[in-house]
Amino acid sequence: MKELVFVLLPKKPGAKLGLDSVDMKFNYKEDFGTSGLEAYQRVLLDIFAGDQMLFNRSDELESSWRLITEILKQWESEKEEIQLYTPETWGPKEAKDLIEKDGRKWVE
């Protein structure tokens, strides 16, 4: 069997934009020699620098809410119960039935 290799392109720690490829399992400290910034430190530095790359524009937010609102309206109108399942399981039988009706199978 051929070995699968997954690679991520995370942002290097620091104020400048820089990407570097790393294995799927990586540790900032091991790969970059620093643990990077805490989430709020990153956000505050981006705000102070005027970097909007990690922020959504208002029209994007409005579009997202319109989409989510339509989904919620549809769920409410169908009056069908959302299928819940126990964590760490493959889910309800309905999930298996749904994908198998197109001739596909979940990979186990």
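Author: Gladly, and please keep in mind throughout that this is a predicted model.

Reader: What does the side chain of aspartate 46 make a polar contact with?

Author: The partner is the side chain of arginine 42, and the polar contact between the two side chains is 2.7 Å.

Reader: Okay, salt bridges next. How many does the count come to?

Author: The count comes to five salt bridges, and I can describe some of them. One of these joins aspartate 97 and lysine 93, whose side chains meet at 2.8 Å, N to O.

Reader: How far apart in helix α4 are aspartate 97 and lysine 93?

Author: They are four residues apart in helix α4, so about one helical turn separates aspartate 97 from lysine 93. Aspartate 97 is partly exposed, with a relative accessible area of 35%, whereas lysine 93, at 60% relative accessibility, counts as exposed.

Reader: Which residue does lysine 73 form a salt bridge with?

Author: Lysine 73 forms its salt bridge with glutamate 70, and the closest N and O atoms are 3.7 Å apart. Both residues lie in helix α3, three residues apart, which is about one turn of the helix. Lysine 73 counts as partly exposed at 47% relative accessibility, and glutamate 70 is partly exposed with a relative accessible area of 47%.

Reader: And what about aspartate 102, which arginine does it form a salt bridge with?

Author: That is arginine 104, with the closest N and O atoms 3.0 Å apart. Aspartate 102 counts as partly exposed at 48% relative accessibility, and arginine 104 is partly exposed as well, with a relative accessible area of 46%.

Reader: Switching topic: which residues form the nonpolar patch on the surface?

Author: Its members include Leu9, Leu17, Val43, Ile47, Phe48, Met53 and Phe55, and the patch has about 1200 Å² of accessible area together. Phenylalanine 55 is found in the loop between α2 and α3, and phenylalanine 55 is partly exposed, with a relative accessible area of 35%.

Reader: What about the backbone, then; what is the phi of glutamate 88?

Author: Glutamate 88 has a positive phi of about 65 degrees, although it is not a glycine. Most residues other than glycine have a negative phi. The place of glutamate 88 is in the loop between α3 (58-78) and α4 (93-100), and glutamate 88 is exposed, with a relative accessible area of 86%.

Reader: Last one: how far apart are serine 21 and glutamate 76, in sequence and in space?

Author: Serine 21 and glutamate 76 are 55 residues apart in sequence and 44 Å apart in space, C-alpha to C-alpha. Serine 21 has its place in the loop between β1 (7-8) and β2, and serine 21 is partly exposed, with a relative accessible area of 44%.

Methods:
Residues are numbered from 1 along each chain as its sequence is written. This is a predicted model: local features need pLDDT of at least 70, side-chain atom pairs count only at pLDDT 80 or more; totals for chains, interfaces and linings use all residues. Side-chain values use heavy atoms; hydrogens and water are left out. A polar contact is a pair of N or O atoms within 3.5 Å; within protein, one must be able to donate a hydrogen and the other to accept it, and residues adjacent in sequence count only if both atoms are side-chain atoms. Helices (H or I, at least four residues) and strands (E, at least two) are DSSP runs, numbered from the N terminus. Buried means under 20% relative accessible area, exposed over 50%, partly exposed in between (1.4 Å probe, protein chains only). Patches are made of residues with over 30% relative accessible area and no salt bridge: like charges are joined within 9 Å, nonpolar side chains (Val, Leu, Ile, Met, Phe, Trp, Tyr) within 5 Å. Accessible areas come from the Shrake-Rupley method with a 1.4 Å probe; for residues, only the protein chains shown count as cover. A salt bridge is a side-chain nitrogen of Lys or Arg within 4 Å of a carboxyl oxygen of Asp or Glu.
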